[in-house]
Amino acid sequence: MRSRRVLVIQRYLAERDTSPHLQTFALPEDLDGSLLDALQYIKDHLDPTLAWRWSCRMGMCGSCGMMLDGEPVLACEVFLRDLPTGPSRVEPLAHLPVERDLIVDQAGFLEALASVRPWLVEKAGRETGPAGEGRQSPSEVADFLGLSQCINCLLCYAACPQVALTPGFLGPAAVAVAHRYDLDSRDVGDGGRAPALQADVGVWSCTVVGECSTVCPKSVDPAAAIQQQKVRGLTDWMRGLLGFGGPA
Amino acid sequence: MRTERHDILILGGGGAGLRAALAIAECAPDLSIRLASKVYPMRSHTVAAEGGAAGVARQDDSLDLHFRDTIAGGDWLCDQDAVQHFVEHATGELAQLERWGCPWTRDPNGAAAVRRFGGMSSPRTWFAADKTGFHILHTLFQTSLRFPQIVRADEFFCVELLVHEGRCQGVLAIEQRTGELVAMLARAVVLATGGAGRIYRHNTNSGIVTGDGMAMALRAGVGLRDLEFVQYHPTTLPGSGVLITEAARGEGGLLVNGEGRRYLQDYGLGPETSPGAPRPKTMELGPRDRLSQAFWHEQQAGRTAITEQGPAVWLDLRHLGRSHLDARLPLICELARVHVGVDPSTGAIPVRPAAHYSMGGVATRISGATSLPGLFAAGEVASVGLHGANRLGSNSLAELLVFGGNAGRAAAAFAREVGEPPIHPLREQARDHAVAVEALRGKAGTERLVDVRQGLVGEMDEAFGIYRDGQRMRQGLDALTELAERAEHLALEDTTRMYNTQITAALELRAGLQVAISLATAALAREESRGAHQRLDAFQSRDDGRFLCHSLVRYLPDSGYQLTWEPVTITRYMPAERRYGGEAS
């Protein structure tokens with residue numbers, strides 16, 4: 001027999017509340033589907049003021065990150081049938097300023113992303129096909145393909161203790177996206193990305209906890225990207241020290 | 001309400017909007033660009049496109065074949081000048097994306113790989129595994145960060161176009177984070193807000209695909225063309241409607257009914273092909289309209305499988321093997337596992353059709369220009385005449401690049417020709433619209449939003465689905481009209497400003513109803529069966545004598561929804577019978 005599912009949801013409205021509070025919602029026994037479906041049920045039938053972000057329902061748009069019982073999840077990939085019995089706690093992504101209910105401020109991430117110059121600076125003289133497209137071998141694609149899977153959902157920011165401790169820290173996803181371009185055989189933009197990546201609030205703020213890679217719903221490995229960027233920074237610094245010239 | 005002024009305003013931050021922004025940034029770097037999007041650009045629905053983007057790439061393929069496939073796929077309702085322009089420019093756009101960093105899947109020699117797709121006579125679909133839309137969107141978005149003149153307005157909800165002296169010169173928007181209303185003025189406006197798939201209950205679309213832009217254009221007096229043609233994608237997960245890409249069949253996937261039969265051979269798509277040897281335009285590689293119709297007949301005949309989530313057929317990929325599935329179709333393997341508990345390397349995926357794509361939209365010319373000076377449109381919101389009565393899979397990702405770029409360049413040229421938008425009259429107009437939005441905050445009423453929304457999606461599924469008949473469509477149109485009346489009396493309890501998603505949901509519902517009524521008006525009047533518009537009453541055949549023409553629905557404040565017909569542009573390929581399977585040329 002199925003029991004009545006209970007969600008305890010953190011509520012907060014920056015324009016009105018001084019601190020967040022919890023609100024309990026009981027869902028009907030026959031309600032099926034994902035955590036997103038449950039939130040929509042609440043908005044439709046129990047409290048029309050509940051607010052959260054969602055869109056694609058298939059784990060690609062990165063909108064619906066939130067905390068479920070203390071763990072960062074995509075709400076579209078959590079199904080009610082898989083929840084443990086007893087109340088489940090739903091909160092906004094940790095470590096990010098809350099705007100309303102389950103909606104966090106993402107402007108800081110967008111700034112961090114732009115600061116690492118995440119675009120291709122194309123190498124000159126590439127061999128091109130009939131329409132002007134360049135060639136790239138499957139193994140060259142494989143070098144960066146894993147990091148290119150980042151959907152910017154910010155689950156890794158909610159998992160990373162340094163995001164909370166270090167204001168301005170670039171954070172795992174921004175480094176992963178930057179490193180994806182550094183690893184792309186078509187790209188020569190490393191030098192442009194290095195200043196942001198090697199700054200105090202860049203990769204050096206990372207204390208190698210590794211939770212970012214554990215929680216990633218797309219199996220991106222930002223922790224490895226950060227460590228590889230540290231090696232790059234050290235190598236460039238040593239080369240400079242030994243008089244071999246600075247970073248390109 | 002605050003007011004801002006720019007050279008060009010782009011509404012929508014998906015593939016078409018971003019491509020327009022990049023085109024402007026490159027051809028007119030001195031123009032200021034404001035990119036307003038309901039969600040952060042990388043959340044846009046382009047992200048959900050899976051299978052690929054079409055562009056002739058191989059020596060044994062030709063632009064003429066792509067042209068002919070598209071027109072036959074569209075059941076001769078395509079504007080052939082637009083199709084010609086499209087096939088000539090698609091490949092160049094895909095090559096441009098390569099140079100912006102898109103991780104196309106490659107052949108061993110390093111060239112971009114191409115795969116088979118439904119209704120295409122040759123492999124010509126470029127792909128990045130089965131996350132092509134995602135990679136295109138992120139490539140475009142990240143490239144846009146290079147250009148400081150592209151200033152984003154993230155999470156701005158557009159409410160009404162501002163029209164003054166016969167020109168579109170801005171939009172009234174809600175900044176969702178603060179709830180503040182913003183009059184955004186510009187010399188030219190590009191509409192790139194996507195389709196309207198959420199007006200159906202069973203659909204593959206993101207929650208944001210609510211027809212906002214189509215309805216805004218309609219209310220501004222611009223006609224919506226060919227809306228009755230709604231594409232049902234034949235393979236989506238039952239219950240959720242989550243998309244299982246056509247590339248699964250392009251790679252060799254099989255469709256079998258509840259009795260284990262490759263049933264497509266019973267619908268003019270045979271002869272049956274051997275597993276592992278797919279043939280173009282045959283069996284599982286037929287066009288989407290024909291495959292969705294075949295499902296409907298199988299369901300009527302009781303030959304679909306019964307699953308927990310309702311009737312379905314089986315998509316069998318097991319013979320492709322795990323390593324091929326992991327390399328070429330990783331996303332749908334993950335979706336099958338997460339949503340229905342199936343590992344496609346060992347079990348078949350249950351699938352059924354769901355509403356997927358609006359072939360119609362805001363009527364535009366090849367340049368992206370609409371009938372309203374200053375307003376340009378591209379992508380799914382637009383109808384440039386490319387898709388006719390049925391779109392071929394992988395033409396839409398290429399479309400938003402080709403025509404998004406066109407719309408951007410045309411808007412830039414237009415912006416150079418006109419003066420700055422006059423602040424006073426536009427502000428007054430925006431203020432009137434703002435008063436109407438404010439009236440929704442904590443509005444007393446008798447109707448619940450959920451009831452009206454359920455009414456809308458239920459009517460669309462029932463009356464305007466894969467097969468239609470006149471009597472049911474008439475009932476459907478009446479029901480939609482009544483729902484629109486009820487939507488005027490919504491109770492909206494939320495009195496707050498920041499992220500008031502009840503107000504935006506009410507505005508989305510109003511837009512959806514207006515698009516639905518336009519669609520219903522055109523569908524009822526099209527007394528023939530063509531492409532995705534199939535009737536079961538007295539009009540079961542294509543009727544080129546009466547209906548080789550586009551429908552165009554306008555909304556006039558005094559007389560309501562008005563339907564007219566417009567000629568189809570035929571340049572060199574006269575209507576003929578569509579042939580697939582063994583009859584295909």
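Helices and strands are taken here as DSSP runs, numbered from the N terminus. On that basis, B:Trp76 is found in the loop between α2 (63-73) and α3 of chain B. The model is predicted. Phi of B:Trp76 is near 65 degrees, a positive value in a residue other than glycine. Most residues other than glycine have a negative phi. B:Trp76 has 23 C-beta neighbours inside 10 Å. The cut-off for a buried residue is 20 or more, so B:Trp76 counts as buried.

A:Val208 lies in the loop between α7 and α8 (211-215) of chain A. Its surroundings were counted in the same terms. A:Val208 has 9 other C-beta atoms within 10 Å. Exposed residues are those with 12 or fewer, so A:Val208 is exposed.

Chain B also holds a cis peptide bond, which joins B:Gly270 and B:Pro271. Omega is about 10 degrees there. Most peptide bonds are trans. B:Pro271 lies in the loop between β12 (254-256) and α7 (288-300) of chain B.

Chain A comes to nine helices and seven strands. Its C-alpha atoms fill a box of roughly 70 × 45 × 30 Å along the principal axes. Of its 248 residues, 44% count as buried. Among contacts in chain A with a separation of 6 or more, 65% come from residues 24 or more positions apart.

The domain assignment divides chain A into domain 1 (6-104) and domain 2 (107-241). Their centres, taken over C-alpha atoms, are separated by 30 Å. Domain 1 of chain A gives 12 residues to the contact, and domain 2 of chain A gives 13. On the domain 1 side, β3 (65-68) and β4 (71-74) of chain A are the elements that give two or more residues. The residues of that side divide into seven nonpolar, four polar and one charged.

Both β3 and β4 of chain A belong to an open sheet of five strands. The strand order is β2-β1-β5-β3-β4, and the pairing is mixed. The edges are held by β2 (21-26) and β4 of chain A. Each has a single partner strand, so one side of each is left without a neighbour in the sheet. Neighbouring strands are turned by 35 degrees against each other on average, direction ignored. Within this sheet, β3(A) and β5 (residues 88-91) of chain A run antiparallel and are joined by two bridges. A:Leu68 has A:Val90 in β5(A) as its bridge partner.

Helix α7 (residues 190-198) of chain A has buried residues at A:Asp190, A:Arg193, A:Ala194 and A:Leu197. These residues cover an arc of only 120 degrees around the axis, which puts them on the same side of α7(A). An α-helix has 3.6 residues a turn, so residues three or four places apart point the same way. The buried residues of α7(A) pack against α6 (172-182) and α9 (222-241) of chain A.

Strand pairing in chain B was examined around β1. Strand β1 (residues 2-11) of chain B runs parallel to β9 (residues 180-191) of chain B, with nine bridges between them. B:Arg2 has B:Val182 in β9(B) as its bridge partner. Four bridges join β1(B) to β2 (residues 33-37) of chain B, and this pair also runs parallel. B:Ile10 stands opposite B:Leu35 in β2(B). In a regular strand the side chains alternate between the two faces of the sheet.

The two chains meet through 43 residues of chain B in contact with 43 residues of chain A. On the chain B side, the elements that give two or more residues are α3 (80-99), α4 (132-144), α9 (330-340) and α14 (501-525). The largest share, six residues, comes from α3(B). The chain B side divides into 21 nonpolar, 13 polar and nine charged residues. The loop that holds B:Trp76 lies between α2 and this helix, α3 of chain B.

Note on methods:
Residues numbered from 1 in each chain as written. Chains lettered and ligands numbered in written order. Predicted model: local features only at pLDDT ≥ 70, side-chain atom pairs only at ≥ 80, totals over all residues. Arc of directions from axis to C-beta. Contact = placed C-beta atoms within 7 Å. Domains from an automatic or database assignment. Nonpolar A, V, L, I, M, F, W, Y, C, P; charged D, E, K, R; others polar. Pairing = 2+ DSSP bridges. Axes fitted to C-alpha atoms, helices over the stretch in contact; angles between N-to-C directions.
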